[in-house]
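Please open the model in your viewer and keep the selection panel at hand. The stops below are meant to be followed in order.

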Amino acid sequence: MARSMYRGGVYLGISLSLLTAWQLLASFGIQWYTIARLGAGSQTDALYAGSTLLQLCSAVVLDQVSVVLVPLLAAREEHERAALAWPLFVGIGSLFALVTLLLYGVAPYLVPLMAPGFSDPTAVLAVELARIQLLGLLGAACFTVLSALYQARNRFLWPSGAVLISTLVGCWILMAGLESVGVRLAAWVQVLLWCGPALLLVRALGPWSSAYMNHGAVFRDVWLRVRPLLLSAAFVRTGFVVDRFFTSFLAAGNLVLLDVTWRVMAAIVRIFNQGLVTPAVPTLATLAKNGRWQEFVRLCHARLLWMGGGGLTASALLIAAVTLGRSFGDNLSTFGVTVETLGTIQTIMLAGGGLMLFGGLTHVLVNAFYAEGETGIPARVEIGTSLAGLALKGVGFFMGGLIGIAVATSIQYALSTLLLGVLFHRRMATRLRTNAPNAVKSLLVIETPGQLT
C-alpha cells in the first residue's frame, strides 16, 4: 500500500509538472510571437503595462484566496465542500465583478501612474489595452474557486489541463489574426486565457446543495485567513509594478524585455511548484489538523530537498545556456530576435538567477505555514524582505539599470528563504518537543521519499 501511494504521488507530480511545462511553453509562445511580430517597442510596452492592474489583483488578492481556500476545503468532508461550492463561487465572483467595474472606471488615472515614463500616445494605448484585459478578472476569480474545489478533492490534473487547452486556443487565434488586427487582439487573447479555464472547470460546482451550512461563518474564516496575507502580498507580489515603473523611463522595449525574462524564470519555478508543492498542500493541511507533526516535518523536508535540487539544476542549466547561447544568437534572427535582444535577456536571467534558486524554497516554506493555519509569520517575513527588496531595486536601477533590478531581486529571495527557514525550524522543533520528547532530532534528518508514506 505504501509503495502504491508513493508511486501514485510520483506519477501525479510528474504529470502536473509536464502539464505545467506545456502550458507555460504555450504561454511563452504567445508572448514571444507577439514580440517577434510587433517588435519590442511602444506597442508591446503598452500591452504589458496595460496588464498591470489585472495581474496586480490576481497576485495580491486571488492568489492569497487560493492558498487559503485549498487547505480550508481539504480539511472538510465532501458534503461540506458541496454545500460551500456555490456560495463561494457566487460570493467571490460577485465581489470581483464589482472590482472589475471600479478598475475599468479608474484605469485612465491608475495606468499612467504605474508607467509615468511613457509618451502620451503609448500611455493612451496602455489604458485602452488595460480596459480590455480587465474583463478577464471575473474569469480569474471564478477559476480560483473552481480550482480550489478540484485540488481539495485531490484532483489536480484537470485545472492545469484546462489552462493548457485555453492557452493553445489563444495561440491559434493570435497566430491567425495578429498581423491583421494588431496589438488589440493580443489583449483579447489574454481575456480568453483568464476566462477560458473557468468555463472548462464549472462542473466542479455540481448541483446546488440544500445541506445546512453556516456560510457567514465560513466567509468570516476565509477573510480572517486572507486578511494578513493581503498586506504582505501588497509588498511581496507587487515587485513587477516597481520594475515596470522604473523601466518606463528607459528606451522603448526595455519594459517588455525585463517582463518576459521574469516570466521565463517564474515559469521554471512554477513547474517545480506544481509538481512538488501543489499536490502536498491538502496532505499537509490534514496532517496539521490531526497533530501529526513528525509526518508533517518529513513531508516538508522532502519537498525542500527536491525543490532545492531542482533549483540548483535549473540554475546550472541556465548558466550553461547563457554561456553557450550567445554563439547561436545569429541563428535566432529569423524568429524576430536580434543578437542585442538575446544578449540583454541572457544577462538579466544570469543576474536574477536567485529567483529560481530560492523562489521554490520560499514557496515550500510559505505553504507549510499556511497548511497549519499560520499566516502571520510568513506575512511579516515577506513584508520585511520585500521592503528591503524595494530599496535594493531603487539602488540597483540607478547603478545598473535592468541588471541592477535583477540582482536586487535575487538578494530579496535569498533573504526570504533564510528567514523563513530559521523560523520554520524553530516552530516545528517546539511542536515536536510538545508531542514527543525525543522527536526534535527528526528535524535534523532529511527523509528519503520512500519514508513519506
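Predicted model: local features only at pLDDT ≥ 70, side-chain atom pairs only at ≥ 80, totals over all residues.

**Stop 1: helix H8**

Select residues 183-201, which make up helix H8. Its 19 residues should span 27 Å at 1.5 Å a residue, and the distance of 29 Å between the end C-alpha atoms agrees with that. Buried residues of H8 include Val183, Leu185, Val189, Gln190, Leu193, Gly196 and Pro197.

**Stop 2: from H8 to H5**

Remaining in H8, display the side chain of arginine 184 together with that of glutamate 128. The two form a salt bridge whose closest N and O atoms are 2.7 Å apart. Because arginine 184 lies in helix H8 and glutamate 128 in helix H5 (residues 120-134), the pair ties together parts that are 56 residues apart in sequence. Arginine 184 counts as partly exposed at 35% relative accessibility, and glutamate 128 likewise counts as partly exposed, at 32%.

**Stop 3: further salt bridges**

The whole structure holds nine salt bridges. Select aspartate 243 and lysine 393, whose side chains meet in one of them, at 3.1 Å from N to O. Aspartate 243 belongs to helix H10 (residues 239-247) and lysine 393 to helix H16 (residues 376-400), so this pair ties together parts 150 residues apart in sequence. Are these two residues buried or exposed? Both aspartate 243 and lysine 393 are buried.

Arginine 292 and glutamate 295 come next: their side chains meet in a salt bridge with an N to O distance of 2.6 Å. Arginine 292 is partly exposed at 38% relative accessibility, as is glutamate 295 at 32%. Then display Glu78, Arg81 and Arg153, which are linked in a network of salt bridges.

**Stop 4: glutamine 64**

Select glutamine 64 in helix H3 (residues 52-74). With a relative accessible area of 3%, glutamine 64 is buried. Which residues are in contact with glutamine 64, leaving aside neighbours within four places in sequence? They are Ala59, Val226, Leu229, Leu230, Ala233, Arg237 and Tyr370.

**Stop 5: a nonpolar surface patch**

Finally, switch to a surface view and select Leu392, Ile403, Val407, Ile411 and Leu415, which form a nonpolar patch with about 330 Å² of accessible area together. Helix H17 (residues 402-435) supplies the largest share of the patch, four residues. Leucine 415 lies in H17 and counts as partly exposed at 34% relative accessibility.

How values were computed:
Residues numbered from 1 in each chain as written. Heavy atoms only, no water. Patch = residues over 30% accessible without salt bridge, like charges linked within 9 Å, V, L, I, M, F, W, Y side chains within 5 Å. Areas by Shrake-Rupley, 256 points an atom, 1.4 Å probe, with all protein chains shown as cover. Salt bridge = Lys/Arg side-chain N within 4 Å of Asp/Glu carboxyl O. Helix = DSSP H or I, 4+ residues; strand = E, 2+ residues; numbered from the N terminus. Buried < 20%, exposed > 50% of the residue type's maximum accessible area, 1.4 Å probe, protein only. Contact = heavy atoms within 4.5 Å. Expected span 1.5 Å × (residues − 1).
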